[in-house]
Amino acid sequence: MQNKFISALKLILRNTDDFFRKQQWKEILIFLFFLLLSFFFWLLQNLQQDYEKQVELPLRYKNVPPEWVLSEDNPQKVSILLKDKGTTLMYFLWETYFSPIDISVSGLPDTPDRSFHITARELETMISKQLISSPSIASIEPHDITIKYDLLSSRSVPVIPNVIVNTKPGFQVSGDITISHPKISLYGSSKFLDTLNGIRTKLYTIENASGTRELTVGLDLPAGVKTDQETVRLTVPVEEFTEKKVRLPVSCHDIPAGYALRIFPSIVEVACNIPLSRFKELNEEDLRIRLPFDEFEENRSTGKLPVRLTEKPSWVANVVIVPDEVEFIIEQLHQ
């Protein structure tokens, strides 16, 4: 089967070769060759003449002060008319990549009508940086540019870290996350800024942490809000933890006059995890269980109340209280 296919293919190739070797086809191929050659010289001669080509370039406004917002009506592109010999113009357009025209807003003079102008000469200088020496600019549209802006309201708000920390076994976050810029200035409409009580960082997850980590994160800015501080530096303290146990009294700090409160048991055991470096630092005075009388009053029918730490350092974690609830009796004293 394979031999038959090869034989058929050779036959087709031989017949094709015989066909093009005929005198008539030789003359046609020679004619086409000289026709293409004539077209090439004609095209080359015509490209020696001057031609014009319209090119559109986008505008990119940079270094805009955070307290400014540019008007949506500002020009977003310019149209330039390039003029040169056809060969030069064709090669230039084929090889050249046009980048956006960068207009640095910072440092431009502020005017009473909140606008500033880019003259035709300044605009041509910006464009010429991409054109080098050829081709020449025949015209620019628009001829010059007026850039308008509005001033934004500002408000200083706290930065809220949005970090998930997964530590290695035996390690925990040992304190508050510190922020390089605890407060930042936001710029936007006053109506919208008044609704913001803080700005969160973008979510960042730390895996297998076994020591203090420092990271740079961006801010999760709402649409229409700007800031001069786009990132902040966070320090996440992570240390090896150990368990410590203390015995604490359960107390009530606001017993009304004429009442007595009896709690059973009056002392509970508290187990918690603390950084290894602070093991000797923690003592009973740093931890308190002082429950309001209202909570005892609300649970008077059952005579039982869950207990919790009401005061503790931020680096104390995984608190376990035994027993986790106490019994109590409220007595009204006779006067």
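Okay, let's start with what an aromatic pair is: two rings of Phe, Tyr or Trp (its six-membered ring) with their centres within 6.5 Å, called stacked if the planes are under 30 degrees apart, edge-to-face if over 60, and tilted for the rest. Searching the whole structure turns up 2 aromatic pairs.

Quick note before we look at them: this is a predicted model, where local features need pLDDT of at least 70 and side-chain atom pairs count only at pLDDT 80 or more, while totals for chains, interfaces and linings use all residues. Residues are numbered from 1 along each chain as its sequence is written, and side-chain values use heavy atoms, with hydrogens and water left out.

So, pair one. Tyrosine 259 and phenylalanine 293 are tilted, 6.0 Å centre to centre with 55° between the planes. Tyrosine 259 is in strand β19 and phenylalanine 293 in helix α6, so this pair ties together parts 34 residues apart in sequence. Strands (E, at least two residues) and helices (H or I, at least four) are DSSP runs, numbered from the N terminus.

Which of these two is buried? Phenylalanine 293, at 5% relative accessibility; tyrosine 259, at 28%, is partly exposed. Buried means under 20% relative accessible area, exposed over 50%, and partly exposed in between, using a 1.4 Å probe and protein chains only.

On to the other pair. The ring centres of phenylalanine 296 and phenylalanine 328 sit 5.1 Å apart with planes at 85°, so they're edge-to-face. Phenylalanine 296 is in helix α6 and phenylalanine 328 in strand β24, so here the parts tied together are 32 residues apart in sequence. Both phenylalanine 296 and phenylalanine 328 are buried.
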